[in-house]
Amino acid sequence: MDPLRNQCTDGRLDKIQRAFDLFRLMNREIPGQLVSCFLYIASHDGCHKQAMEEALNLTTASSSRNTDWLAAGRWGVESKGLGLITKEKIKGDRRVALRLTPEGKDLARTMKSIIYD
């Protein structure tokens with residue numbers, strides 16, 4: 001029987017995969033869409049939720065579900081989120097601003113370190 005093939009053939013993609021795995025350490029069933037939302041927020045800190053929906057082609061329901069999971073949980077509902085972002089209602093406006101928490105900034109910094117260092 002041949003030995004298990006595990007030789008890395010693309011170091012740059014391997015770094016991206018290792019950065020992505022940081023999410024899997026939090027929850028091994030994390031969907032890729034959640035990671036996309038996090039990366040958008042990390043690269044557009046303070047963005048409106050609607051801007052993220054448009055950029056990632058997400059429905060309102062899907063973006064709400066993903067941002068709830070990235071945040072501490074749903075407003076008014078006891079559920080455990082990851083605590084990586086905050087969802088801030090903008091006074092006098094129906095829109096929501098999305099910002100990284102200190103934990104979210106640490107994760108983004110670690111991901112960049114894995115990929116670029």
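In which helix is Ser63 found? Ser63 is found in helix H4, and I will come back to that residue once the overall fold has been laid out. What you have on the screen is a predicted model, in which local features need pLDDT of at least 70 and side-chain atom pairs count only at pLDDT 80 or more, while totals for chains, interfaces and linings use all residues. Residues are numbered from 1 along each chain as its sequence is written, and side-chain values use heavy atoms, with hydrogens and water left out.

Let me start with the chain as a whole. The protein chain holds 5 helices and 3 strands, where helices (H or I, at least four residues) and strands (E, at least two) are DSSP runs, numbered from the N terminus. Read from the N terminus on, the elements follow the order α-α-β-α-α-β-β-α. Along the principal axes, the C-alpha atoms fill a box of roughly 65 × 30 × 25 Å. Of the 117 residues, 32% are buried, and here buried means under 20% relative accessible area, exposed means over 50%, and partly exposed lies in between, with a 1.4 Å probe and protein chains only.

Now to the sheet. The 3 strands form an open sheet in the order E1-E3-E2, with antiparallel pairing; two strands are said to pair if DSSP finds at least two bridges between them. Strand E1 (47-48) and strand E2 (85-89) are the edge strands, each pairing on one side only. E2 and strand E3, which covers residues 96-100, pair over 5 bridges in the antiparallel sense. Within that pairing, Lys87 stands opposite Leu98 in E3, and Lys89 has Val96 as its bridge partner in E3. The hairpin of E2 and E3 has 6 residues between the strands, and Gly92 there takes a positive phi near 75 degrees.

What packs on this sheet, touching E1, E2 and E3? Helix H2, residues 32-43, does so, and its direction makes about 90 degrees with that of E3; the axes are lines fitted to C-alpha atoms, for helices over the stretch in contact, and angles run from 0 to 180 degrees between N-to-C directions. The buried residues of H2 are Leu34, Val35, Cys37, Phe38, Tyr40 and Ile41.

A search of the whole structure finds 0 of them, a disulfide being a pair of cysteine sulfur atoms within 2.5 Å. The closest cysteine sulfur to that of Cys37 is in Cys47, 9.6 Å away, which is too far for a bond. Cys37 itself is buried, with a relative accessible area of 0%, whereas Cys8 counts as partly exposed at 44% relative accessibility.

Finally, back to helix H4, residues 60-70, where Ser62 is also found. Is Ser63 buried or exposed? Ser63 is buried, at a relative accessible area of 0%, and, not counting residues up to four places away in sequence, Ser63 touches Lys49, Met52, Glu53 and Leu58, with contact meaning heavy atoms within 4.5 Å. Ser62 is buried as well, with a relative accessible area of 6%, and its side chain makes a polar contact with the side chain of Gln33 at 2.9 Å. A polar contact is a pair of N or O atoms within 3.5 Å; within protein, one must be able to donate a hydrogen and the other to accept it, and residues adjacent in sequence count only if both atoms are side-chain atoms.
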